Amino acid sequence: MSLGTHLESEFRRLNLGARAGGADAAAAGAEPPWRRGRLKPTFSSPHLPPPLPPGISRASASIRTKKVCTSSAATDCVAAQIPRSDVITGRDDCNVTDAIHSRMGRGLHRRPGHPLSLIRAAIYEHFDARSGSEGSSFAKFDDLWPVVSAKANFDSVLVPADHVSRGYNDTYYVDADTVLRCHTSAHQAELLTAGERRFLVTGDVYRRDSIDATHYPAFHQMEGVRVFDQSEWGGEGADGTAFCQEELRKELEGLAKHLFGDVEMRWVDAYFPFTEPSMELEIFYQDEWLEVLGCGVMQPAILEAAGVDPATNKAWAFGLGLERLAMVLFGIPDIRLFWSDDERFTKQFSKGAGDKDAWRSLRFSSFSKYPPVFKDVAFWLPPSAEDGAESTFTENNLCEVVRAEGGDLIEEVKLIDEFVNKKTGRTSNCFRVTYRSMERSLTDDEINGIQTRVRERMEAELGVELR
Ligand code: FA5
Ligand code: MG
C-alpha cells in the first residue's frame, strides 16, 4: 500500500499505521473526498521540522523522569509536577491545551492498584517468564519523560516529512521542534543506541484525536523491542526477516493467551514507516473488532543508525495500547474511566495493589449507567475547507473545542449528516455530541451552557457558519 493511500485513508483512526489489506482497507479507501480534505494542520504555518536522517534526539537523551508520581491517591498526582509553562507557551507554534496539561504527570501506569498498572505488571510477568527460560531478561523503562524532540518522535523512526501524523492537526507540539510523544516508539532509537537489545517502554502518549469509548487524547502504550543476531535464525542462508516475524507473532499470541486465555483475535496487515512487514492485532470485544497493538520487523535503517549491523541483526518491535487491553481484560466499557477518581471505580482495582495475581480475577462491575444527553450542531464548512486549502475546521479541531468545554462529560462526537447545497456549492455538516457523566446525572442547564460555549467557539475559532 502506498503512503499516499495511507494519508487519504487513515486519518480518522489517527494511526501511525494503516491497514494494508482486508475489508477495512476497502472501506477506508472509499472515504469520500470531503473527508480527505479535512486533513489539514490547525495552524496556518505549521513550521514542520525538515526531514533529518535517523538519529538520537537531544531532548529525549536526558529524559529519565525526575518528577514521579508514586502515590496511590489520584488527587496527589495532578499535573502540578509538570509546570504549565513547560508545555504551554502561548506562542503560535504550541497547540498543547490545559485539558492535556491536566493529564500529564499522573503516572497512572505506575500507580499501585490502578488497572493500567495491573496490566503492565501482568505483561511484565509474561516477558519475565519467557526471558527466564532464555537467560536474558527484558529491560524495563516506565519513567521516560513524555516531552520529546520531533526528531525522536518522528525522524528517528523514519516517519516521512509529509506524514499526516506530523501535522498540528494530529500531534501536540510544544514548539516546532518539541512534541508530546505520540507513541512510545519515540524511544526505540535512543535505547538501541544505548546498547539495549531487549526492552519494554511503558508511558503516557498524546494525540489529537476523535472522541469515543475507545479513543482518548492521552493514553498509554507499551513498546517492546527484541534484537536477534544471525546465529539465532540459522545464519546466512536463512530468512532472518521471516524468522523474526514468526517469533513476534508467537510472542504476542503467547501474551494474549497469558492475559485473556481463550479470546477471539485476528491479525491484520498494516503499514508503519518503521517496520516491514507490519501487522496489527485485533480482539473481538463488545461485538466489534478492537485494534489493540501494532507491530512488525524493524526497518534495517533504524538498527544501522543505532550502531547495530543490520546485515547480522534483525529486530521485532511492537506498540500496544494499554487502555484497550485493560478494557478487554477487566471489562471496562469506556476509556474515560481510567482517569476517574470516583471511588466506585478506583476501589474495585485497589485491592490488586499488593496481590500479584489479583488481575486474573478482577472484573469491573458497572456502578451505574446515567442517561446520555444528545446535542446536534449543524453548520456550513468554511469555504477554505471545501476547496481543499488549509482550513481552520477539522474534526480533530472540533473535538478539541468540545473537550475544552465539556471535559470528560463528552462521550462521543460523531458526524451524522453531510450534504452539498447544489445552488451555493457549500457543504453542510451535522455533528452529534453525546454528553454522559460516568458518575452522576446531568442537568439541562449545565449541558445547554456547555453547548452554547461550544457553538460560540466553533464560529470564532473554527470559522464555521452555524445553521
Ligand atoms: C503506533 O503507535 C506504533 N508506534 C505501534 C508500533 C510500534 C508499530 C512498533 C510497529 C512497531 P498505532 O497508532 O496503531 O501504532 O497505535 C498503537 C495502539 O495504540 C493501537 O493499536 C491502540 O491500541 C492504541 N491507541 C491508538 N490511538 C489511541 C487512542 N486515541 N486512545 C487509546 N488508545 C489508542
Ligand atoms: Mg493502528
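Before anything else I noted how elements are named: helices (H or I, at least four residues) and strands (E, at least two) are DSSP runs, numbered from the N terminus. I also noted that residues are numbered from 1 along each chain as its sequence is written, while chains are lettered from A and ligands numbered from 1 in the order in which they are written. This is a predicted model, in which local features need pLDDT of at least 70 and side-chain atom pairs count only at pLDDT 80 or more, whereas totals for chains, interfaces and linings use all residues.

I began with the open sheet of four strands, whose order is β13-β14-β12-β15 and whose pairing is antiparallel; two strands pair if DSSP finds at least two bridges between them. I found β13 (410-420) and β15 (465-466) at the edges, each pairing on one side only.

Helix α15 (residues 395-406) touches β13 and β14, and its direction makes about 140° with that of β13. Helix α16 (residues 444-462) lies across β12 (373-380), β14 and β15, and runs at about 20° to β12. For these values, axes are lines fitted to C-alpha atoms, for helices over the stretch in contact, and angles run from 0 to 180 degrees between N-to-C directions; two residues are in contact if their C-beta atoms, placed from the backbone, lie within 7 Å.

How do α15 and α16 pack, and at what angle? I read an angle of about 140°, with the axes 9 Å apart. On the α15 side the contact is made by Asn-397, Leu-398, Val-401, Val-402, Glu-405 and Gly-406, and on the α16 side by Ile-450, Arg-453, Val-454, Arg-457, Met-458, Glu-461 and Leu-462. I sorted the residues of this contact into seven nonpolar, two polar and four charged, where Ala, Val, Leu, Ile, Met, Phe, Trp, Tyr, Cys and Pro count as nonpolar, Asp, Glu, Lys and Arg as charged, and the others, Gly among them, as polar.

**Entry: the three-stranded sheet**

I then turned to an open sheet of three strands in the order β3-β5-β4, with antiparallel pairing. Its edge strands are β3 (147-149) and β4 (173-175), each pairing on one side only, and the twist averages 35° from one strand to the next. β3 and strand β5 (residues 178-180) pair over three bridges, and in β5 the bridge partner of Val-147 is Leu-180.

Strand β8 (residues 265-272) is joined to β9 by seven bridges and the two run antiparallel, with a hairpin of two residues linking them; Trp-267 has Leu-281 in β9 as its bridge partner. From β9 to β10 I found nine bridges, again antiparallel, and Ile-283 stands opposite Leu-290 in β10. This second hairpin also has two residues between its strands, and Gln-286 in the turn has a positive phi of about 50°.

Leaving aside neighbours within four places in sequence, I found Met-265 in contact with Ala-256, Leu-281, Glu-282 and Ile-283. Met-265 and Glu-291 are 26 residues apart in sequence and 9.6 Å apart in space, C-alpha to C-alpha.

**Entry: the shell around ligand 1**

I counted as near any residue whose C-beta atom, placed from the backbone, lies within 6 Å of the molecule. On that basis 28 residues surround ligand 1, and the closest are His-183, Phe-219, Gly-294, Gly-319 and Gly-321. The elements giving two or more residues to this shell are β7 (218-229), β9 (275-285), β10 (288-298), β11 (313-321) and α12 (322-330). β10 gives the largest share, six residues. By class I read eleven nonpolar, twelve polar and five charged residues.

**Entry: Asp-341**

Last, I looked up Asp-341, which lies in the loop between α12 and α13 (343-350). Asp-341 is exposed, because 11 other C-beta atoms lie within 10 Å. The C-alpha atoms of Asp-341 and Glu-439 are separated by 9.8 Å, although these residues are 98 residues apart along the chain.

Notes: A residue is buried if 20 or more other C-beta atoms lie within 10 Å of its own, exposed if 12 or fewer, and partly exposed in between; C-beta atoms are placed from the backbone.
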